[in-house]
Amino acid sequence: MQDLLYGSKFFKLSQSRGQQGIGVSASVLYAQLTTGKPAKITSKISPKHPAHYYELRIDTKRNRAEEVKDAIVDWNTNHGTKIELEIEGDYLKGSQSVDQYIKQIVIVNPHVKLIYVNPKSEQMLFVRATNKMPPRPVEIKPHPHGVELGILIQMLKLTDTRTLQAFLTQEFSRVGSGTAKQICENAALLPNTKPKSINREIAEKLLHGISQTKIISPPTNCISPIGEELLEKGLRKEINAEFYCATTRPPAVYRGNPFVIEAGIAYGGEQNAEDSVRVLRYANRVPLLYQQGACAITKSVINTVWRNYGLSQSRGALPVGPATIVISINSVWVPFTSESKEAIAHYPEIIKEIKLALQEVGRKLSIYIHKKRKIQIEGAKRSYIETYIPHVAEALKDLVGYKQTDEVKVKKLLKQILEKTRGKLEKIEIENPDYDEELAKIGKKENKEEQKQTTLEEATKNKK
Amino acid sequence: MKNKVLEGIKEKANNVYRKILKKKAPELDLPLRSLSNVKYDEKEGYFEILGKKKERTLTVGTIKTFAQTLRMMGLSKQLIEQDDIATKREAYYVSKNWKEAMFKAQPESDTVMDDVEAMMMVNREQLGFIPEEKGGEIAGKLIVVDRDPETKKELKIDCTKFGSGAYSIPISVEHLKFETNAKFILAIETAGMFQRLVKHKYWKKANCILISMGGVPTRACRRFIRRLADDQKLPVYVFVDDDPYGIGSIYRTLKVGSGNAAHINKYFCVPQARFLGVTPQDVIDYKLPTHPLKEVDFKKIKDLLKNDPFIQHHKPWQKALKQMQQMKVRAEQQALCRWGLNYVITKYLPDKLKHPEKFLP
């Protein structure tokens, strides 16, 4: 149980949750600081075993967890974990709120069923959109190109291997004996050097040797992206738009860490055409709500030329148009700009991949927008031509001298001829059965009430 | 004659109607009225229209004018049947009742009217339309034989007896006859220069007929000069400003017609016209005061050299225009006043008329 209170990245490398920026340890601590109450945890591993009930505090002097209570209780469920924390805070609405956070969680985690009761005692139920669980990420050894000096020294100290060559082949992924020898040569170290004898200076030489060696990219099965289909489905639930698309990029690597970028876009419909596009950012399926301006994702959106794809954009700004853009980075190690885990760091490899993903969805978007525009223009042209059909019919009536009934007939025939020569007018059908109105409402500010208030204020002002 | 035009209009309309009944896109083919659709043959003496057509049918670009052309044909049919006339301006106002198909400004309705005229290959008077423009003015040794509109009796008008005024060319000139012993016709661009020559009875001194064109000559004016010159076998000399407009628009249109009226140039041209002045060389020879050519003038010169079949046919004209291009200046008829108000009468015209063979073609 105490494991929960440590960071998870020191002993395994695989994509996992736990990067929300406020981890379980911080949550327990925060509850303790604001209400003074312990975290209450009930856990049951199988029907054969009884459920355990713990009360947990953090000893802030020694920075250790402290079990206040440990009891066996009855819990009428097969298995599961229940955590209760009492926290003091303001219940807000808007783009940086708990509501918004939960909603965005639902968009990218369609396999999750979530019941949310807010402080107004309103219960919200988010049904799972798919029964398919995402594949469990595989744990991998670190890739040599991703390792930092401090960690390398730590690894050298803790290893059971006896030679440098064995250390390299056994503790890292993608290193065979050939590559290990190459690293040793580039670092000017003997392959049979004892790992435990390597000091800081030599470790630095070794790191330099690693950076000089070409090593195959790390395996990518350690990453579990959301997938194009599910990402699009999530967008459909949240936004009532006309056009949706999503893409998953092939895995790429920055500093030895594999990562996968996914992007999606929802265009048109009920979204405001005069506002900047909405950008939803995710890191390993966790919404990023703060520090949008400092994030590599935002930078990549700005640096993409959206005018080519049918959205307007001023230099150095987010594009303007009725659209929502989703970008998700999935990696064993998401590089944040700071410990608060609010914005993605600006690695060129990551920015490049995000841009490629955006260009992919952008191209699909532009095809749709151009088609829509073409149909609109064609419709306008037809109705323009049709304005003059009665005049042609009337003029012919004067010239040929036919009857009133013939005039009606000529009008009808001219419309048929127009249809025949210009072809049938295409229509874009919009239907979105996945759209969830209740979900879309969550976290939005109640604009109507605000407006009412201001008009009331104005009215009273005027009276004075 | 009128019936033939009427039948022609009905026939065109019936073709459109029949096409519609066959569920085919109806269209009207109209001759293209532009310089790109004329050829110039010196023997023929005018811009002859070629076969290029423009089509009006159920497309965004042409549907409005398609409807308007049919409407205009309808108006013409009504005028012919009721033996009535409408001025170009009146026709424009009639269109105000056509809702979406109305003309926004008179040039639009004039264009469609000219299109109908070209389509039927007739003169607009035959369609029942008449212009409002004045035809030009005459002074000098000419007796015009007209008819009294009421009594239909012959009426002789002596153009020497208008004092300081002048005889106005009527809109229709086909019925006129002429008596004269003058030696030549002098067609003048500006009313001002015409007034000066009338005031001093220059026509008596030079034994000629003076005609004021007032800019680009109207159809009536061109037809009048043509008939008079043909009838009395008189040479026609043209006296205009030295600028691209005087040469390329006024003189060229008088002599061979225009692109815009390509379908009727045959009747409205004066092939015997010759260019007396003012030439670019005159500016040098008579040391005339000048104005610099503007951007539009240079453009017009370039356009004339490149696109005008008349200029392209005559080397001397190309030379003259290139000379103007190099001199970068233009000169007005009135510039001759530099040497005295009547220098034009005492020196310039007599000098020039000594050598009509030197006039530009």
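This is a predicted model: local features need pLDDT of at least 70, side-chain atom pairs count only at pLDDT 80 or more; totals for chains, interfaces and linings use all residues.
Let me start with a sheet in chain B: three strands make an open sheet, in the order 9-8-11, with antiparallel pairing. Strand 9 (154–158) and strand 11 (177–179) of chain B are the edge strands, each with a single partner, so one side of each has no neighbour in the sheet. From one strand to the next, the twist averages 30°.

Strand 8 of chain B, residues 143–147, pairs with strand 9 of chain B over five bridges, in the antiparallel sense. As one position to look at, Asp146(B) stands opposite Leu155(B) in strand 9 of chain B.

Next, two helices in chain A. Packed helices in general are described by the angle between their axes and the distance between the axes. For helix 4 (residues 164–171) and helix 5 (residues 177–186) of chain A, the angle is about 125° and the axes are 9 Å apart. Angles from 65 to 115 degrees count as roughly perpendicular and those over 145 as roughly antiparallel, so these two helices are oblique to each other. The crossing is right-handed. On the helix 4 side, Leu164(A), Gln165(A), Leu168(A) and Thr169(A) meet residues of helix 5 that include Ala180(A) and Ile183(A). By class, this contact has five nonpolar, three polar and one charged residues.

Last, where do the chains touch? In all, 19 residues of chain A are in contact with 24 residues of chain B. On the chain A side, helix 9 (348–400) and helix 10 (404–422) each supply at least two residues. Helix 9 of chain A gives the most, with 12 residues. That side of chain A divides into 13 nonpolar, four polar and two charged residues.

Methods. Residues are numbered from 1 along each chain as its sequence is written. Chains are lettered from A and ligands numbered from 1 in the order in which they are written. Two residues are in contact if their C-beta atoms, placed from the backbone, lie within 7 Å. Helices (H or I, at least four residues) and strands (E, at least two) are DSSP runs, numbered from the N terminus. Ala, Val, Leu, Ile, Met, Phe, Trp, Tyr, Cys and Pro count as nonpolar, Asp, Glu, Lys and Arg as charged, and the others, Gly among them, as polar. Two strands pair if DSSP finds at least two bridges between them. Axes are lines fitted to C-alpha atoms, for helices over the stretch in contact, and angles run from 0 to 180 degrees between N-to-C directions. Angles under 35 degrees count as roughly parallel, over 145 as roughly antiparallel, 65 to 115 as roughly perpendicular and the rest as oblique. A crossing is left-handed if the near helix is turned anticlockwise from the far one by less than a right angle, and right-handed if clockwise.
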